[in-house]
Amino acid sequence: MPTKTQNPASKKDGKNPGALRSWLMIALVAALFFSFYKSTPSDVGTRELTQLEFYKALDEGKIVEPVIRFLDRDEGETFLTGEMETDAVDKDGKPLADGKGDPVRVKYRVTLVPGENESLMDDLFDRQIQVRVRERRSPISPFLMNILFFAGMMFLFYWLFYRRMGGDGGVFGFGKSRAKLLDGNSSKAKVTFSDVAGVDEAKEEVQEIVAFLKEPDAFRKLGGRIPKGVLLVGPPGTGKTLLAKAIAGEAQVPFFAISGSDFEEMFVGVGASRMRDMFAEAKKRAPCIIFIDEIDSIGMKRTGAGALGASRYNEQTLNTMLVEMDGFSPNEGVIVIAATNRPDTLDAALLRPGRFDRQVMIDLPTLKGREEILALHGKKIKFGPDADLSRIARGTPGFSGADLANLLNEAALMAVRKKLEGVDMETLEEARDKVLWGRERKSAGYSKRDREITAWHEAGHAILQLLAKHADPLHKVTIIPRGRALGVTMSLPERDVLGRTKSHFLDELVVCCGGRIAEKMFTGEISTGAAQDIAMATDIARKMVCTYGMSERFGFQAFNEQSPYAIAESMPPAFSEETSRAIDAEVSKLVTDAYARAEQEITENKDKVELLAKTLLERETMDGRDVAKLVGIEMKEPEKEDPMSAAAPSAPGNAKTEGL
């Protein structure tokens with residue numbers, strides 16, 4: 001549900017102070033230009049006459065109402081201005097006249113020589129010409145003009161610098177907090193626990209925070225102390241930020257939201273200043289919540305392994321945060337909620353009791369959670385009669401809440417392009433496959449030979465996937481390019497898998513080898529299409545030996561490789577060179593045995609591979625159930641979901657591909 005974000009420094013009483021400052025600046029600049037225009041004599045269109053020319057025009061009777069203007073008394077300059085008739089004619093040689101039939105007049109100006117004013121005045125009086133004397137004054141004194149000009153330039157400079165610094169007060173607001181304030185008391189739309197699905201355990205764990213913010217006296221009477229900080233930990237897209245907003249919405253308290261990157265600047269000390277200012281603002285509005293997203297950007301380890309990611313700038317910001325959370329100055333009623341998907345990189349001082357007292361794990365949703373998330377995001381979507389969100393939930397293990405929301409959005413967009421009245425089941429499954437493996441590229445043209453090789457390759461994968469007892473069920477096989485692959489064999493677990501066995505990994509190794517073996521057996525050549533299969537098989541085998549302890553030779557041991565960021569002089573080797581060679585030999589043995597087993601099964605089921613390959617050339621895409629029915633292999637029935645399961649599900653399926 002959308003929420004209204006409000007910056008206390010951006011709006012007040014429905015007015016935008018930034019727009020008001022812009023109009024004030026424009027008005028001030030316009031006033032300065034107007035003042036200069038009014039204080040400067042306008043000589044545009046004025047004809048400059050010598051005294052001889054002036055007397056000649058005077059004798060001819062062309063001078064009309066002259067005016068003597070004293071423009072600068074200090075220097076003694078005097079000008080005689082006025083209008084005079086001209087001898088201008090048109091193209092026919094006739095004198096030009098104005099609209100009233102009188103001769104056309106032009107402005108003139110004569111610079112008078114000092115000391116000759118009296119004789120000139122006598123001549124004008126003798127000719128019965130009235131003369132007016134005026135002193136041209138500026139409407140604004142020079143001193144005031146200088147002050148206004150200086151003030152205008154300062155205001156213009158301040159305004160430009162303000163805009164350059166992002167509108168937060170320019171140089172004066174450089175160290176101010178950039179946290180956005182969400183008003184929890186607003187009657188408008190806000191996020192509550194009803195808008196969060198799939199994280200029931202996390203919502204139960206943060207109920208205490210909501211209760212404390214609503215009734216803090218009940219906790220204080222019994223000597224209870226609410227946690228000062230709560231760390232939300234989980235993979236990306238699981239709803240950490242949404243849960244923090246829901247806490248503030250349920251408690252109806254102010255909510256300051258900021259990202260860890262907002263504290264990073266090129267100047268040392270700015271992050272620490274913003275941290276202090278943020279806590280100062282929060283204390284004024286207590287009880288309230290401060291939410292820091294991606295806190296690992298400022299809270300990295302300062303010492304020990306992994307400390308190289310921290311910097312002196314981040315250390316100052318982190319130290320300020322540690323002092324504000326549990327220092328000498330109390331911050332009663334201010335609860336800090338932070339989110340990260342890398343808790344192993346955080347500094348130990350940040351995680352100790354008194355700061356982040358509690359860590360709330362928000363993992364990938366289980367089957368029940370995925371159904372709730374799909375139902376929540378599907379409220380605004382119109383579905384067809386055959387749409388089954390429960391089946392989509394079963395086919396999306398390992399999906400986060402963001403992935404499921406994206407799936408429904410993709411399905412809705414596809415339904416619009418297909419001009420459907422509602423999102424049907426076929427569109428939902430197509431959207432799921434697109435999110436998992438990419439969109440089909442039906443327009444990608446490739447030769448008949450490449451198409452046949454792809455069909456043999458994917459047929460080999462699909463048959464071994466059906467024969468494997470411990471591998472995931474076959475979901476779909478296609479020779480239509482999808483993503484970067486020319487063909488894809490897809491498998492999906494039909495339930496949330498809490499752990500994998502050695503038998504599963506051995507079967508997965510066999511399935512990875514099926515594409516290369518089928519290519520070689522039926523075409524007599526091998527192609528680059530098995531590159532991803534080879535990488536996947538090698539990775540599985542190495543993890544079995546080094547991480548999972550599934551090697552017969554090494555048994556219950558782990559061999560973690562040294563981090564490339566570690567300092568070689570200070571870190572001893574993870575294991576000896578002899579052990580490294582033995583690990584390589586064990587990995588090679590696992591892959592070689594799987595290849596031999598896959599080759600044997602492909603040989604025994606050669607007719608099934610050939611039948612499936614020919615069918616794929618005709619139909620291009622086949623469902624796993626259709627493949628099993630075609631080749632006569634019984635498909636494994638999906639196991640039922642354990643209702644007590646609450647652990648993290650496995651990764652969202654596998655895909656054996658024929659690469660580009």
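Predicted model: local features only at pLDDT ≥ 70, side-chain atom pairs only at ≥ 80, totals over all residues.

Residues are numbered from 1 along each chain as its sequence is written, and side-chain values use heavy atoms, with hydrogens and water left out.

The protein chain contains 21 helices and 15 strands; helices (H or I, at least four residues) and strands (E, at least two) are DSSP runs, numbered from the N terminus. Of its 660 residues, 41% are buried, that is, under 20% relative accessible area with a 1.4 Å probe, protein chains only. Among contacts (heavy atoms within 4.5 Å) between residues at least 6 apart in sequence, 76% join residues at least 24 apart.

In soluble globular proteins, nonpolar side chains tend to be buried together. A nonpolar core is here a set of buried Ala, Val, Leu, Ile, Met, Phe, Trp, Tyr and Cys residues joined through side-chain atoms within 4.5 Å. The largest such core has 47 residues, of which Val609 and Leu612 touch the most other members. Two or more residues each come from α16, β12, α17 (502–523), α18 (531–546), α19 (577–604), α20 and α21, and α17 supplies the largest share, nine residues. A second, separate core of 28 residues includes Ile209, Leu243, Ala251 and Ile289.

Helix α21 (residues 624–631) has Gly624, Val627, Ala628 and Val631 as its buried residues. These cover an arc of only 100° around the axis and therefore lie on the same side of α21, the arc being that of the directions from the helix axis to the C-beta atoms. They pack against α16 (448–467), β12 (474–478), α20 (606–619) and β14 (621–623). Beyond its neighbours within four places in sequence, Leu612 is in contact with residues including Val627, Leu630 and Val631. At the N-terminal end of α21, Asp623 forms a cap, with a side-chain oxygen 3.0 Å from the backbone nitrogen of Arg625. Gly632, which follows α21, has a positive phi, near 75°.

Strand β9 (residues 288–293) is largely enclosed by the rest of the structure, because five of its six residues are buried. Strand β8 (residues 255–259) pairs with β9 in the parallel sense over five bridges; two strands pair if DSSP finds at least two bridges between them. Phe255 has Ile289 in β9 as its bridge partner. Strand β10 (residues 334–340) also pairs with β9 in the parallel sense, over six bridges, and Val334 in β10 stands opposite Cys288.

Conventions:
Buried < 20%, exposed > 50% of the residue type's maximum accessible area, 1.4 Å probe, protein only. Polar contact = N/O pair within 3.5 Å; in protein donor to acceptor, adjacent residues only side chain to side chain.
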